[in-house]
Amino acid sequence: MPVALIIELLSQHRGIFFLVLAGLLALAFIALSPRTVSQRRHIRYQKQAARALLRLTQLRDDAARITWLRKMNPYVFEEMLLTAMSRQGLRIQRNAQYSGDGGADGQVWINGQRWLIQAKRYSATINAAHVSAFGLLTETERASGLFVHTGRTGEVSREAFLRYPGLRLISGQQLLRLLAGDRSWMDKLTNQPEQAIPPRVVSPPSFSLSPSARKER
């Protein structure tokens, strides 16, 4: 094509040309721009989680594994759970940013069913108020919930689980099986809780008024 013809076409469609050029430059900038701080942190924690899963198998026994998990960075612990589930062929969804208290720490689909995940790295007895808050979240989201923790489950917390039939507790040996890639950790997910408390209580009980609940904190 003659140079003169190209110049003439550009002069006639100058606005469109510069618009297309600006779009291409914007796409190139996005593609080449460095990752955000949040993205870099997610990638770092996911790499640490992969190393931690390997390290977990090298510890001497289950007691040592639970003790080690209790000292884990809480965000790395979240990533360990999601990575272990993904390696078992389950569809997962990681959060765009870490939720902090009060939100789900990720999602997983098991046999087509959507489960919200709450990961708590306790070193002692779990907080029943956390169970109730997560139970309400699952009801709002119309999903089931996996409450995964490294601590001990007290009686008040067990009562809280019974108030939310959609919740399942993952701890102890079941947690270690999950992290080890043993799919048997899912066997009990379809089972209903041993007892249900009718009628359903939508609002969480005031655990802070209970002496036994205060001990759990």
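**Exercise 1. Find the distance between the side chains of Asp 61 and Arg 60 in their salt bridge, and classify both residues by accessibility.**

*Solution.* Start with the criterion: a salt bridge is a side-chain nitrogen of Lys or Arg within 4 Å of a carboxyl oxygen of Asp or Glu. The side chains of Asp 61 and Arg 60 meet at 3.7 Å, N to O. Next comes accessibility, where buried means under 20% relative accessible area, exposed over 50% and partly exposed in between (1.4 Å probe, protein chains only). Asp 61, at 31%, counts as partly exposed, while Arg 60, at 72%, counts as exposed.

A word on the model before we go on: it is predicted, so local features need pLDDT of at least 70 and side-chain atom pairs count only at pLDDT 80 or more, whereas totals for chains, interfaces and linings use all residues. Residues are numbered from 1 along each chain as its sequence is written, and side-chain values use heavy atoms, with hydrogens and water left out.

**Exercise 2. Which parts of the chain does the salt bridge of Glu 79 and Arg 94 tie together?**

*Solution.* First, the distance: the closest N and O atoms of Glu 79 and Arg 94 are 2.2 Å apart. Then assign the elements, which are DSSP runs numbered from the N terminus (helices: H or I, at least four residues; strands: E, at least two). Glu 79 belongs to helix α5 and Arg 94 to the loop between β1 and β2, so the pair ties together parts 15 residues apart in sequence. Finally, accessibility: Glu 79 is buried at 2%, and Arg 94 is partly exposed at 27%.

**Exercise 3. Where do Arg 114 and Glu 141 lie, and how many residues apart are they?**

*Solution.* The two side chains form a salt bridge of 3.1 Å, N to O. Arg 114 sits in strand β3 and Glu 141 in helix α6, 27 residues apart, which links distant parts of the chain. Arg 114 is partly exposed at 24%; Glu 141 is partly exposed too, at 36%. A search of the whole structure gives four salt bridges.

**Exercise 4. In what order do the five strands form the sheet, and which strands stand at its edges?**

*Solution.* The order is β1-β2-β3-β4-β5, in an open sheet with mixed pairing. β1 (91-93) and β5 (167-170) are at the edges with a single partner strand each, so one side of each has no neighbour in the sheet. β1 runs antiparallel to β2 (residues 107-110), joined by three bridges. Arg 91, for instance, has Trp 109 in β2 as its bridge partner.

**Exercise 5. At what angle do helices α3 and α5 pack, and how far apart are their axes?**

*Solution.* Axes are lines fitted to C-alpha atoms, for helices over the stretch in contact, with angles from 0 to 180 degrees between N-to-C directions. For α3 (residues 37-58) and α5 (residues 74-87), the angle is about 70° and the axes are 8 Å apart. That makes the two helices roughly perpendicular, a label for angles of 65 to 115 degrees (under 35 is roughly parallel, over 145 roughly antiparallel, the rest oblique). Among the contact residues are Tyr 45 and Leu 53 of α3 and Glu 79 and Met 80 of α5.

Note on methods. Pairing = 2+ DSSP bridges. Contact = heavy atoms within 4.5 Å.
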